[in-house]
Every structure is written in C-alpha cells, then in structure tokens.
Amino acid sequence: MRGFLTLCGMLAVIALGYWAYHQAILTQQAERRVERLRAEIGAERERMAILTAEWAYLNRPDRLRELGFINFERLGLLPMSPEQFGRATQIPYPQPVIETTEPEVILDSASIGEEQIP
C-alpha cells in the first residue's frame, strides 16, 4: 500500500510539473505576442503622426489659395462674398411638440355599460 501511495505521489508531482512547465511556455508565448502588438501599435502611431503632418502640410491655406488660382479656369471657382452666407433665422428648425397633460383613459368593453352601446 505504501508503494502505491508513493507511486501516486510521484505521478502527481510529474503531472503538476508538466502542467507548470506548459503554463510557463504559454505565458512566454503570450508575452511575445503582447510585445509584438505593442511594437505594431508604436509603428502605427508613428505612421499616423507622419500622415497627420502631411495632411496639415497639404492643407495650408496659402497652398490651397495658390492651387485655386492655378486651376481657376478648369474649376470655375468664384471668390466668396458676404451675400453667399445665410442667417441663423433662415434655418427651418422643427416646431416643438406640445404634450397634453390630461391622463389617457382606456376603456374596455367591461367598463362600458351595455346600455351605452348602440
């Protein structure tokens, strides 16, 4: 009996050792994945910063004005004038909904007397 318990104990220690080793390997793999993702996120943030800077450079008002003058014939753009803008009073806002304060009465056939039904 004592040999059987010793054998079961040894098998339990081996199984737990295998499980711990397996969990350590899974943890290392997960940490490598996290590091890869962090590196990808950093690269994407850097790319995003570059694209934002390029967008700001391409949308400079003086550059756009110059492009407008260069392509005036093809685009047919006209200079802006104050008459092209509207007033806030010209916006058709929806009318407010007026709610009734009277409670809604629901009648069913049981609450109406038979003499009232024609």
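**Salt bridges and a pocket in a predicted model**

Let me start in helix α1, where Arg38 and Glu35 sit three residues apart, about one turn of the helix. Those two form a salt bridge, with the closest N and O atoms 3.5 Å apart. Arg38 is exposed, at 55% relative accessible area, whereas Glu35, at 47%, is partly exposed.

The average pLDDT of the protein is 86, and 86% of the residues score at least 70.

How many salt bridges does a search of the whole structure find? It finds three. Another of them joins the side chains of Arg47 and Glu44, at 3.7 Å from N to O. Arg47 and Glu44 are also three residues apart in helix α1, about one helical turn. Glu44 is partly exposed, with a relative accessible area of 47%.

Then there is Asp62 with Arg60, whose closest N and O atoms are 3.7 Å apart. Asp62 is partly exposed at 46%, and Arg60 is partly exposed at 28%.

Now the pocket. The largest one has a volume of about 170 Å³. Which helix gives the largest share of its lining? That is helix α2, residues 61-70, with four residues. The lining includes Leu64, Phe69, Phe72 and Met80. By class, the lining has seven nonpolar residues, one polar and one charged. Arg65 and Gly68 are among the lining residues too.

Definitions and conventions
Residues numbered from 1 in each chain as written. Predicted model: local features only at pLDDT ≥ 70, side-chain atom pairs only at ≥ 80, totals over all residues. Heavy atoms only, no water. 1 Å grid on protein atoms, 1.4 Å probe; cavity = no way out; pocket = protein on both sides within 12 Å on 5 of 7 lines; lining within 4 Å. Points joined across faces, edges and corners; volume = space filled by probe spheres on them. Helix = DSSP H or I, 4+ residues; strand = E, 2+ residues; numbered from the N terminus. Nonpolar A, V, L, I, M, F, W, Y, C, P; charged D, E, K, R; others polar. pLDDT = per-residue confidence, 0-100. Salt bridge = Lys/Arg side-chain N within 4 Å of Asp/Glu carboxyl O. Buried < 20%, exposed > 50% of the residue type's maximum accessible area, 1.4 Å probe, protein only.
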